[in-house]
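Please open the structure in the viewer and keep the selection panel at hand.

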Amino acid sequence: MPIKNSELILNPDGSVYHLNLKPEHVAKTIVFVGDQDRVEQVSKHFDSIEFKTQKREFKTHTGTFKGNRISVISTGIGPDNIDIVLNELDALFNIDFNTKTPKKEFTSLNIIRIGTSGSLQKDIPVDSFLLSTHCLDLNGMLHAYQISSISNPDIEDAFIKHCNWHSNKSRPIIIGNCKLLESKLESDKIFKGLTATAGGFYGPQGRVLRLPLQDANLNNKMDSFNFKGIRITNLEMETSAIYGLSKLLGHHALSLNAIVANRANGTFSKNPLKTIENLITYTLNKIFE
Ligand code: R1P
Ligand code: URA
């Protein structure tokens, strides 16, 4: 049965609805950045750029880096955007747009996020890099899917107990990364840890401007959580959606973050652009080493 036009929506030129891309426009190795202005910061390192497009916050450049085809796509902010980006990217490779049926041959993508994040630990300072060995989903978007194959109830239950997690909030999900990409992109220059993904920047990450929080102690409880040596290192807004949907769809994903804020000591990077630039050059060189 073909997928209905209301479910897989194509633009009049045959490109996919939000990303504005056709299958030939995207490489199998894709860098995700949150900020659309970070797309140029990545693609300026390419040997050449063969394709550019943008719709809303989703900007794509495709080209080559050291002779290898690569795309960079901005996802905007938050897990809801990742739901759009990953489903549409997967459709570009794994659904035949003419018949609107799954292709017989499956294509697996390599997805690497180059993001920014706030550290929860005093010993992970601003301007350092962090590789997410696992992620902790705090926002709930993934509960729309069948997640039993990717969740880890032992550590999730320990986290729920440790934090006295409120039953009105969605159940946290803990998901592992792609070990193959971790071994390619790790080095002694980079911290590792469990990245918590929140559905917002302020209250959901424990920031108080004028509104009181449901649990004012949550960040403290998170930074003291330790499960067999695994600790929660940082907070951002996309990694769990990327890890969860990539695993469910059969793609490889890894999240790297430039630490721009340290929530434990209240500091913010004096030059976040430079730190991100350093993480971009580190990542591009490591991907194709
Ligand atoms: C919030 O300022 C944004 O910054 C982080 C968060 O995950 C969120 O998207 O990542 P990016 O810099 O990649 O957007
Ligand atoms: N991005 C986030 O989501 N949180 C931070 O603290 C810093 C960057």
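The stops below go from the whole chain to the two ligands.

The model is predicted: local features need pLDDT of at least 70, side-chain atom pairs count only at pLDDT 80 or more, and totals for chains, interfaces and linings use all residues. Residues are numbered from 1 along each chain as its sequence is written, chains are lettered from A and ligands numbered from 1 in the order in which they are written, and side-chain values use heavy atoms, without hydrogens and water.

**Whole chain**

Along the principal axes, the C-alpha atoms fill a box of roughly 50 × 40 × 35 Å. The radius of gyration is 19 Å, which agrees with the value near 19 Å for a compact globule of 289 residues (taken over C-alpha atoms; the globule rule is 2.2 Å times the number of residues to the power 0.38).

**Ligand 1**

Next, select ligand 1 with its shell (residues with a heavy atom within 4 Å of the molecule). Among the residues found there are Gly-34, Ile-77, Arg-113 and Glu-238. The shell divides into 3 nonpolar, 3 polar and 4 charged residues (Ala, Val, Leu, Ile, Met, Phe, Trp, Tyr, Cys and Pro count as nonpolar, Asp, Glu, Lys and Arg as charged, and the others, Gly among them, as polar). Its largest share, 3 residues, is from β7.

Now display the polar contacts (pairs of N or O atoms within 3.5 Å). A polar side-chain atom of Arg-38 is 2.7 Å from an oxygen atom of ligand 1. For the side chain of Thr-116, an N or O atom lies 2.6 Å from a ligand 1 oxygen. At Met-237, a polar backbone atom is 2.9 Å from an oxygen atom of ligand 1. Of the 340 Å² of accessible area that ligand 1 has on its own, the protein covers 85% (Shrake-Rupley method, 1.4 Å probe).

**Ligand 2**

Move to ligand 2, and include Ser-117, Leu-235 and Val-260 from the residues around it. Which strand gives the most to this shell? β7 does, with 3 residues. Both β7 (110-119) and β12 (230-236) supply at least two residues each. By class, the shell has 4 nonpolar, 4 polar and 2 charged residues.

Select Gln-205: one of its polar side-chain atoms is 2.8 Å from a nitrogen atom of ligand 2. Then select Arg-207, whose side chain places an N or O atom 2.6 Å from an oxygen atom of ligand 2. The protein covers 92% of the 240 Å² of accessible area that ligand 2 has on its own.

Terms used. Polar contact = N/O pair within 3.5 Å; in protein donor to acceptor, adjacent residues only side chain to side chain. Helix = DSSP H or I, 4+ residues; strand = E, 2+ residues; numbered from the N terminus.
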